[in-house]
Structures are given as C-alpha cells and as structure tokens.
Amino acid sequence: MKNVMLFSILFCIIAMPAFADLTPQDLEKIRSIIKEEVDPLKTEIASMKTEIKSIKDDIKSLKDDVAWTRGKLEGVDKQISHVTYLTYGLIALIVAAIGIPQIIMV
C-alpha cells in the first residue's frame, strides 16, 4: 500500500506542469493551423458550388432540348397519322376499283 501511495504522489508531481495555461503564442499557432486547414476547404467548396451551378445549367438546357424534341416528335406523329390514313384510303380505292368491275362482270 505504501508503494501505491508513493507512486501516486510521484505521478501527481510529474503531471503538475500539464495544468499550465496556454500562452498567446500557443493560441496564435493553433489559430494559424486551423486557418491553414480551413482555407483549402473554402476554395474547394467554392469550386464545388460553381460546378454544381454549371451542372444545373446543363440540366436546364437538356430539359429545353427534350421539350423541343418532344414537340417535333408530336408533329412527326401527326404526319405519320395522316400518311397512314391516306394509305388506307388508297387501299380502299384500289380494292373498289378492282372489286366493282369484278362484281359487275359476274
């Protein structure tokens, strides 16, 4: 028990300088270290913001292009419908032109 008490007193004496206050120079060193670590992060965040803005602009232009293409496709769809109806009409006309004389000849 005596040894434990002696070692604990010895450790307390050794640890006494650890309770010292920080000097202003120490605080300035800490601030400069933190500032050095934060500055690259700020520039990286700024570059990411500009990149995100450019991506948003690209997305907007793509949406406009898709809307324009969709409008063009609707026009093409209408044209194909008209051609289809014209083809059906011509087929009916050909069938009538061939079928009516066949019915009359019988």
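The exercises below move from the whole chain to single residues, and the model they explore is a predicted one.

**Exercise 1: The overall form**

Work out how many helices and strands the protein has, and compare its radius of gyration with that of a compact globule of 106 residues.

Solution. 
- Start with the secondary structure: it comes to 2 helices and 0 strands.
- Next, take the radius of gyration, which is 44 Å for the protein, while a compact globule of 106 residues would be near 13 Å.
- Then look at the box filled by the C-alpha atoms, roughly 135 × 40 × 10 Å along the principal axes.

**Exercise 2: Inside and outside**

Solution. 
- A residue needs under 20% relative accessible area to be called buried.

**Exercise 3: Charges and salt bridges**

Count the charged side chains, then locate the salt bridges in the whole structure.

Solution. 
- There are 13 positive and 14 negative side chains, and the centres of these two sets lie 4 Å apart.
- A salt bridge requires a side-chain nitrogen of Lys or Arg within 4 Å of a carboxyl oxygen of Asp or Glu, and a search of the whole structure finds 2 of them.
- One joins glutamate 28 to arginine 31, at 2.9 Å from N to O. These residues are 3 apart in helix H2 (residues 24-105), so about one helical turn separates them.
- Glutamate 28 is partly exposed at 47% relative accessibility, and arginine 31 is partly exposed at 49%.
- Another pairs lysine 53 with aspartate 57, whose closest N and O atoms are 3.9 Å apart. Here the spacing in helix H2 is 4 residues, again about one helical turn.
- Lysine 53 counts as exposed at 53%, whereas aspartate 57, at 42%, counts as partly exposed.

**Exercise 4: A nonpolar patch**

Which residues make the nonpolar surface patch of about 400 Å², and where is leucine 22 placed?

Solution. 
- The patch is made by Leu22, Leu27, Ile30, Ile34 and Val38.
- Leucine 22 lies in the loop between helix H1 (2-15) and H2.
- Exposed means over 50% relative accessible area. Leucine 22 has 55%, so it is exposed.

Key
Residues numbered from 1 in each chain as written. Predicted model: local features only at pLDDT ≥ 70, side-chain atom pairs only at ≥ 80, totals over all residues. Heavy atoms only, no water. Rg over C-alpha atoms; globule rule 2.2 N^0.38 Å. Lys, Arg positive; Asp, Glu negative; His and termini not counted. Charge placed at Lys NZ, Arg CZ, Asp CG, Glu CD. Buried < 20%, exposed > 50% of the residue type's maximum accessible area, 1.4 Å probe, protein only. Patch = residues over 30% accessible without salt bridge, like charges linked within 9 Å, V, L, I, M, F, W, Y side chains within 5 Å. Areas by Shrake-Rupley, 256 points an atom, 1.4 Å probe, with all protein chains shown as cover.
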